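This report covers the ligand site of one model and one of its sheets. The sequence and structure come first.

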Amino acid sequence: MKLCMIGTGYVGLVSGVCFSDLGNDVICVDKNFNKINQLKNGKIPIYEPGLEELVLKNYKNKRLSFSTDLKESVKKSDIIFICVGTPTKKGENGADLSQIYNVAKEISTSINKFKIIITKSTVPLTTGDEIEKIISKKNNKKKFSIVSNPEFLREGEAIRDFIYPDRVIIGTNEKKSNRILKNLYQPLISKGAKYINTSRRAAELIKYASNAFLATKITFINEIANLCEKTGINVEDISIGMGLDKRIGGRFLRAGPAYGGSCFPKDTKAIITTADKFKTNLSVIRSVIKSNKNRSSLLLNRVNEILNKKIKNKKITFLGVTFKANTDDMRDSSSQIMIPSLSKKGAIIKYFDPTGQKNEFKKLKNVFYSKTIKEAVEGSDLVIIHTEWNDFKSINFKNLAKSKKFIIYDMRNIYSSDKIQNQGFKYYSVGK
Ligand code: UDX
């Protein structure tokens with residue numbers, strides 16, 4: 001099939017490359033000329049394990065191409081995926097849909113034969129209805145079909161998640177589009193993915209409800225971890241004990257810093273705004289947002305206690321600053337709250353991240369990037385393990401701390417406290 005992905009961010013690029021690997025002809029379109037040029041030269045604009053190999057392979061065998069010409073690319077394709085960003089509106093909680101609607105307007109002038117137009121970006125309930133209105137201004141309704149097909153890709157695991165999804169959701173009431181899309185996804189269905197056909201609005205809401213629920217699960221265990229810390233209980237025992245109940249499930253019950261990333265913070269806010277429009281108060285999600293916002297302050301209070309309320313001039317190291325491992329994404333990472341706050345209080349911060357130095361911290365006073373773990377922890381008073389990169393999972397702290405022993409605050413519960421304490425280090429973790 002001939003596909004066109006509009007937007008070459010995580011969603012568009014990963015889905016486009018994977019669709020081409022399944023044997024489809026895919027054009028990935030972006031208005032950013034530099035990005036497209038880079039991609040044509042085999043340079044991948046994002047860090048995602050396995051992506052580069054797959055881009056090079058499919059670009060070489062000519063199933064994958066890149067273009068800045070949206071109109072021509074749409075004309076050549078049967079199925080168009082809209083994969084542009086839907087960030088939070090400035091100063092508000094709702095999603096900014098201007099990129100989606102601009103793309104819809106452009107598509108509307110390029111419909112030369114029947115097209116299925118799909119929103120893969122996360123879009124609020126009723127966005128499909130709006131896109132349909134925009135496109136019908138210039139086209140007969142028989143010439144196109146607007147479908148919602150949300151993605152559930154995790155950064156760092158995006159290719160695996162694309163190839164082995166738990167489910168494929170197709171939101172449309174039109175039989176023809178449903179048949180064509182079931183056919184497109186058949187290779188994944190054959191490998192065990194469940195194919196679900198719903199109304200378009202239901203598909204839009206499934207995405208938001210899923211992300212809001214996962215954010216709730218994390219926030220729930222984070223609050224239980226707070227109670228564990230005060231009562232001498234290990235939160236990991238609670239996660240295991242709860243997770244074995246099949247109705248609950250063990251995943252997304254890892255206590256840690258505030259959840260971050262490009263989806264959970266943005267989508268929880270957007271679903272509340274959408275619900276408000278329909279005069280529905282999503283009070284649970286509202287408190288999840290509040291609790292998550294408060295989480296970084298709670299962890300900072302613990303840092304303050306660990307350092308006996310003396311932060312000024314203390315040398316603090318951050319191992320990992322991204323919102324999770326296997327990504328270079330800094331969006332809504334809790335390190336962006338914690339590092340500036342500690343720097344303001346007079347701490348001297350060094351950080352190491354496997355994905356390199358971060359622009360976000362370049363202008364901060366007394367915040368320095370270190371090229372190695374060794375350099376980062378040298379002379380430190382407190383080492384904070386902020387992100388669960390594999391690189392941090394078997395550090396020989398004894399070897400690294402030859403001249404001076406530092407305190408370790410493991411915000412991801414990577415290490416066993418007995419083991420580290422036996423090596424003579426003061427060790428703190430989350431929910432223990
Ligand atoms: C998420 C959804 O998982 C995905 O389905 C959706 O399409 C996009 O948003 P992503 O943002 O890549 O994916 O990251 P995810 O692995 O879900 O983690 C999000 C945040 O939750 C991270 O900050 C992570 O550290 C945190 N988290 C996750 C926890 O703190 N505990 C957990 O048990 C799981």
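Which residues come nearest to the ligand? Of the 18 residues around the ligand, Glu 155, Arg 254, Cys 263, Lys 324 and Arg 412 come nearest, a residue being near if one of its heavy atoms lies within 4 Å.

The model is predicted: local features need pLDDT of at least 70, side-chain atom pairs count only at pLDDT 80 or more, and totals for chains, interfaces and linings use all residues. Residues are numbered from 1 along each chain as its sequence is written, and side-chain values use heavy atoms, with hydrogens and water left out.

The shell around the ligand divides into 9 nonpolar, 2 polar and 7 charged residues; Gly counts as polar and Cys as nonpolar. Helix H10 (residues 200–231) supplies the largest share, 3 residues. Domain 1 (2–198) and domain 2 (294–429) each contribute at least three residues.

| Residue | Protein atom | Distance |
|---|---|---|
| Glu 151 | side-chain N or O | 3.4 Å |
| Gly 260 | polar backbone atom | 3.0 Å |
| Arg 412 | polar side-chain atom | 2.9 Å |

The protein buries 96% of the 660 Å² that the ligand exposes when taken alone (Shrake-Rupley method, 1.4 Å probe).

An open sheet is formed by 6 strands in parallel pairing, ordered E11-E10-E9-E12-E13-E14. Strands are DSSP runs of at least two residues, helices of at least four; pairing requires at least two bridges. At the edges, strand E11 (367–369) and strand E14 (427–429) each pair on one side only. Strand E9 (residues 315–319) pairs with strand E12 (residues 382–385) over 4 bridges, and Leu 319 stands opposite Ile 385 in E12.

Methods
A polar contact is a pair of N or O atoms within 3.5 Å; within protein, one must be able to donate a hydrogen and the other to accept it, and residues adjacent in sequence count only if both atoms are side-chain atoms. Domain bounds come from an automatic or database domain assignment.
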